[in-house]
Amino acid sequence: MAHEMIGTQIVTERLVALLESGTEKVLLIDSRPFVEYNTSHILEAININCSKLMKRRLQQDKVLITELIQHSAKHKVDIDCSQKVVVYDQSSQDVGSLSSDCFLTVLLGKLEKSFNSVHLLVGADAAEWDWLRVKCQQYLSKARLYP
């Protein structure tokens with residue numbers, strides 16, 4: 001079942017350009033299962049994956065999305081509501097085709113309540129995913145060396 005548009009879509013080339021420009025802070029959220037995240041993820045991405053309990057707690061407003069981000073991060077995250085948020089799961093191709101009850105829809109909806117600009121990364125096949133991961137890691141590594 002389709003739902004009201006939540007978030008906007010962003011393609012890999014646009015994400016890389018956004019990161020390379022360095023003009024805006026970008027918060028990357030990996031919504032894949034932990035095993036997939038642990039195997040391969042974009043450097044600096046925060047893994048927020050689905051569990052029935054977490055989905056229910058988000059839906060019932062028993063946990064704030066900003067608290068969940070801080071809890072899931074490996075380090076303290078400076079959260080700024082004006083920063084861009086890009087969520088990826090490596091399989092969603094269209095925001096409009098997501099079920100209204102799926103975890104990704106709930107996550108995107110909660111993010112939109114706390115951030116001005118929320119995007120779902122779409123269109124990355126396996127080869128493009130590897131390219132994106134490498135490009136992002138190259139950029140983020142340089143950014144840490146030359147702040």
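1. Lys-84 counts as buried, at 15% relative accessibility. Buried means under 20% relative accessible area, exposed means over 50%, and partly exposed is in between (1.4 Å probe, protein chains only). Lys-84 is found in strand 4, residues 84-88. Strands (E, at least two residues) and helices (H or I, at least four) are DSSP runs, numbered from the N terminus. Neighbours within four places in sequence aside, Lys-84 is in contact with Leu-18, Glu-24, Lys-25, Val-26, Leu-27, Ser-117 and His-119. Contact means heavy atoms within 4.5 Å.

2. A word on the basis of these points. This is a predicted model: local features need pLDDT of at least 70, side-chain atom pairs count only at pLDDT 80 or more, and totals for chains, interfaces and linings use all residues. Residues are numbered from 1 along each chain as its sequence is written, and side-chain values use heavy atoms, with hydrogens and water left out.

3. The overall layout comes next. The protein has six helices and five strands. Along the sequence they follow the pattern β-α-β-α-β-α-α-β-α-β-α. The protein has 147 residues, of which 44% count as buried. Take the contacts with a separation of 6 or more: residues 24 or more positions apart account for 73% of them.

4. Helix 1 spans residues 12-21, and its buried residues are Thr-12, Leu-15, Val-16, Leu-18 and Leu-19. Seen down the axis, these buried residues fall within an arc of 160°, so they line one face of helix 1. The arc is that of the directions from the helix axis to the C-beta atoms. As background, an α-helix has 3.6 residues a turn, so residues three or four places apart point the same way.

5. Ala-17 counts as partly exposed, at 38% relative accessibility. Ala-17 and Cys-136 are 119 residues apart in sequence, yet 9.8 Å apart in space, C-alpha to C-alpha. Gly-22 follows helix 1 and has a positive phi, near 65°.

6. Which residues of helix 3 are buried? They are Met-54, Lys-55 and Leu-58. These residues cover an arc of only 100° around the axis, which puts them on the same side of helix 3. Lys-52 and Leu-53 are exposed on the other side of helix 3. The buried residues of helix 3 pack against helix 4 and helix 5.

7. Lys-55 lies in helix 3, residues 52-59. Lys-55 has a relative accessible area of 16%, so it is buried. Apart from neighbours within four places in sequence, Lys-55 is in contact with Asp-101, Phe-103 and Val-106.

8. Asp-61 is found in the loop between helix 3 and helix 4. Asp-61 has a positive phi, near 55°, and is a residue other than glycine. Most residues other than glycine have a negative phi. Asp-61 counts as exposed, at 54% relative accessibility.

9. How do helix 4 and helix 5 pack, and at what angle? Helix 4 (residues 65-72) and helix 5 (residues 103-114) pack at an angle of about 105°, with their axes 9 Å apart. That makes helix 4 roughly perpendicular to helix 5. Angles of 65 to 115 degrees count as roughly perpendicular. Axes are lines fitted to C-alpha atoms, for helices over the stretch in contact, and angles run from 0 to 180 degrees between N-to-C directions.

10. The residues that meet can be named. Ile-65, Thr-66 and Ile-69 in helix 4 meet Leu-107, Lys-110, Leu-111 and Ser-114 in helix 5. By class, this contact of helix 4 with helix 5 has four nonpolar, two polar and one charged residues. Ala, Val, Leu, Ile, Met, Phe, Trp, Tyr, Cys and Pro count as nonpolar, Asp, Glu, Lys and Arg as charged, and the others, Gly among them, as polar.

11. Lys-113 is in helix 5. Lys-113 counts as exposed, at 67% relative accessibility. The C-alpha atoms of Lys-113 and Ile-65 are separated by 8.9 Å, and the two residues are 48 residues apart along the chain.

12. Last, the cysteines. How many disulfides does a search of the whole structure find? It finds zero. A disulfide is a pair of cysteine sulfur atoms within 2.5 Å. Cys-81 is partly exposed, with a relative accessible area of 45%. Cys-102 counts as partly exposed, at 22% relative accessibility.

How values were computed
Angles under 35 degrees count as roughly parallel, over 145 as roughly antiparallel, 65 to 115 as roughly perpendicular and the rest as oblique.
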